[in-house]
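This report concerns a single chain, its overall content and one of its sheets. Please consult the sequence and the model shown below.

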Amino acid sequence: MIKLKDILTEAKGDCYQAAGRLIMNFMGENKAKLVHGMVNGQGSLKGIRFGQAWVEYGSKILDHSNGKKQELPKKLYYAMGDINPRECKYYTGTKAAKWMLKSKHWGPWQMSGNPIKLQNEDIPDTKGELGKKKIRIQNIDLDKIFMKGRKKKRTTDEGMMVKLKDVLLEGRMLSVFDFDDTLAKSDSWIYVTIDGKEVDKLDPGEFAVYKPKDGEEFDFRDFDRAIQNPKIIKRNVDLLRKQLKKGGRKVTILTARRLGAPINQFFKTIGIHPYVVALGSNDPQKKADWIEAEILKGYDPIYFMDDSSKNIKAVNKLKKKYPDVKLVTKLVK
Ligand SMILES: [Mg+2]
């Protein structure tokens, strides 16, 4: 037997967060609404009125606060809590997601939810007794909320999702730098072999535009070793430093190399520690695939810098596929 009295007595802790999580399960179902409203307390909270969050589904109230899963008639809940619909804010899943992504907290968003004295009784000064407001939404949850919205985009309500994306523009920026001949040149060669015999060697710049002939294979052994005689390309390294310093964005070094360690080691010597992704493949499509996965995670805008025109070409194809995403590519010469 559910005791409504308990819900209104224990209206503390995590009600905004619990209701916010709950409504995400009803994305696209307009019958479900997240509600932020004012309720009258019971028991130890008798005599005060305070902000509370719950989910309504038709004539039912779903309350998952304080780790419980309760379901009860809406009429009863409204009567016991003396809830006035005109004081309530109602949100569909989509609308709620928009507020979450924008505010980065679970609510309340459009009301204070501050406790109000009903008669002459004192408001309990133990603030912990009442629902914690504006609990920060963790990034991992923001990603989930965004993805739930994004999945929906493919079926309905496109306009809303475009807006969702706009909301995410800040703090979802991604900067991607190639390493070899973009940030530094070094004495690393790519050895051209035919039937296991070395016939030529290319520097990364030459390799970037090289058209392989039949029977040729490539040996990248120099790229698995500590970087030899590195010479930084100052203009681009300065840009990287600036990106790292600014914060609020993801900065990644995306390299065809098989091992990231030599690059990490090199960056250490110049006092920066960017995140390095080693693809282990010179196929330009691999870089494009990696960037596409970031687009699907919601990154936008994305900046990509590389000295290989083949890589730039592969990544540029994503512009057509995702016309809504701001993707800026720069060929380093
Ligand atoms: Mg390169």
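Two residues are in contact if their C-beta atoms, placed from the backbone, lie within 7 Å. Among such contacts between residues at least 6 apart in sequence, 71% join residues at least 24 apart. The model is a predicted one, in which local features need pLDDT of at least 70 and side-chain atom pairs count only at pLDDT 80 or more, while totals for chains, interfaces and linings use all residues. Residues are numbered from 1 along each chain as its sequence is written.

The chain contains 11 helices and 16 strands, taken as DSSP runs numbered from the N terminus (helices: H or I, at least four residues; strands: E, at least two). Of its 333 residues, 33% count as buried, that is, with 20 or more other C-beta atoms within 10 Å of their own; 12 or fewer means exposed, and values in between partly exposed.

An open sheet is formed by three strands in the order 10-9-11, with antiparallel pairing; pairing requires at least two DSSP bridges between two strands. Strands 10 and 11 stand at the edges with a single partner strand each, so one side of each has no neighbour in the sheet.

| Strand | Residues |
|---|---|
| Strand 9 | residues 190-194 |
| Strand 10 | residues 197-202 |
| Strand 11 | residues 216-219 |

Strands 9 and 11 pair over four bridges in the antiparallel sense, and Tyr-191 has Asp-219 in strand 11 as its bridge partner.

Asp-200 lies in strand 10. Asp-200 counts as partly exposed because it has 13 C-beta neighbours inside 10 Å. The C-alpha atoms of Asp-200 and Trp-189 are 9.7 Å apart, and the two residues are 11 apart in sequence.
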